[in-house]
Amino acid sequence: MSNNKTACVTGTDRGIGLALTRSLLREGYTVYAGGIMESNAEIDQLAAQFPNQLHAFVLDVGSDESVNNAASFIQSKTSKLDILINNAAILGDTEKTVKDELDFDEIQRVYNVTALGAIRMSNALIEPIMDGGKLIVNISSEAGSIGNSGREAWFGYCMAKAALNMGSMIIHNQIRKEGGRVLILHPGWVKTFMSGTWNEAGTYTAEQAADNILKRIEEYKDTLREKPVYLEADTGKELPW
C-alpha cells in the first residue's frame with residue numbers, strides 16, 4: 001500500500017480494528033479511527049507515535065447521531081477517503097436455540113450494530129468515499145453465509161452478518177456504476193474479546209487477521225466486478241452467499 005492515503009476504520013478499541021489501525025499507520029495512511037471507548041491507552045500511544053496521522057474519535061455505529069457526528073468530524077479534515085473499513089460488531093448470545101427463551105432485545109441490538117452499523121457509516125461517508133478511493137470493506141463472517149450454515153444458535157450474529165452481506169450487495173449495485181467497489185471479508189477464527197472475555201481458542205491473533213485482511217484489500221482493491229467480492233481473508237477462497 002502507498003503513502004498519502006486516507007482510511008476510516010470502525011471498532012478500533014481493540015482486536016482487529018486496533019490492529020488494522022496500527023498497520024495502516026505504519027503503511028503511511030492517515031487513519032480516522034472510531035471506537036466506543038472514550039479513553040483508550042493503546043490509541044493514545046499510537047497518536048503519540050504517529051502525530052497528525054491518527055485522528056481518533058468516539059463512535060457508536062449503532063447510533064445515528066454518533067455516526068453523523070463522526071462523519072462531520074472526518075469531513076472537517078478531509079474531502080476524500082481512500083477506504084472505509086466497517087469492522088465494528090458485537091457478538092451477542094451464541095448458545096440459545098429456538099427451544100430456549102430468547103432475548104429478542106439483544107438480538108435487535110446485535111443487528112443494529114453488526115448489520116446496520118456498516119450501512120450507517122457507508123451512507124454518512126459516501127461522498128468522501130466516492131470522491132476518493134471508492135472502496136468499502138465490510139468485515140463479515142462465514143456465519144453470514146446461508147449456503148454454508150450449520151449452526152443451531154447464534155441468531156443475532158448470523159442473521160446480522162447475512163444482512164450485512166445483503167446490504168453490501170445493495171451498496172455495490174449502486175456505486176459500481178461510478179467505479180465503486182465493496183469487498184466483504186471473513187477474517188477467520190480470531191482470538192478475541194468479542195464475547196466479553198478473552199477467548200484464546202482462535203486460529204489467528206488480531207494482528208495476523210489484520211495482515212490477512214490488508215493482503216486481500218491490496219489484491220482486490222482495484223477489481224470492479226458485478227457482485228461484491230466475498231472471501232475468506234486468510235485463504236482468499238470465495239465464500240458461498
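Contact means heavy atoms within 4.5 Å. Helices (H or I, at least four residues) and strands (E, at least two) are DSSP runs, numbered from the N terminus. The model is predicted: local features need pLDDT of at least 70, side-chain atom pairs count only at pLDDT 80 or more, and totals for chains, interfaces and linings use all residues. Residues are numbered from 1 along each chain as its sequence is written, and side-chain values use heavy atoms, with hydrogens and water left out.

**View 1. Packing of helix α4 against α5 and α7.** The buried residues of α4 (residues 104-114) are Ile 107, Val 110, Val 113 and Thr 114, where buried means under 20% relative accessible area (1.4 Å probe, protein chains only). Seen down the helix axis, these residues fall within an arc of 135°, so they line one face of α4; the arc is that of the directions from the axis to the C-beta atoms. They pack against α5 (116-124) and α7 (155-175).

**View 2. The other side and the start of α4.** Phe 104, Asp 105 and Gln 108 are exposed on the other side of the helix, exposed being over 50% relative accessible area. At the start of α4, a side-chain oxygen of Asp 103 lies within 3.2 Å of the backbone nitrogen of Asp 105, a polar contact being a pair of N or O atoms within 3.5 Å.

View 3. Ser 168 counts as buried because its relative accessibility is 0%. Apart from neighbours within four places in sequence, Ser 168 is in contact with Asn 138, Val 182, Ile 184 and Pro 228.

Key
Polar contact = N/O pair within 3.5 Å; in protein donor to acceptor, adjacent residues only side chain to side chain.
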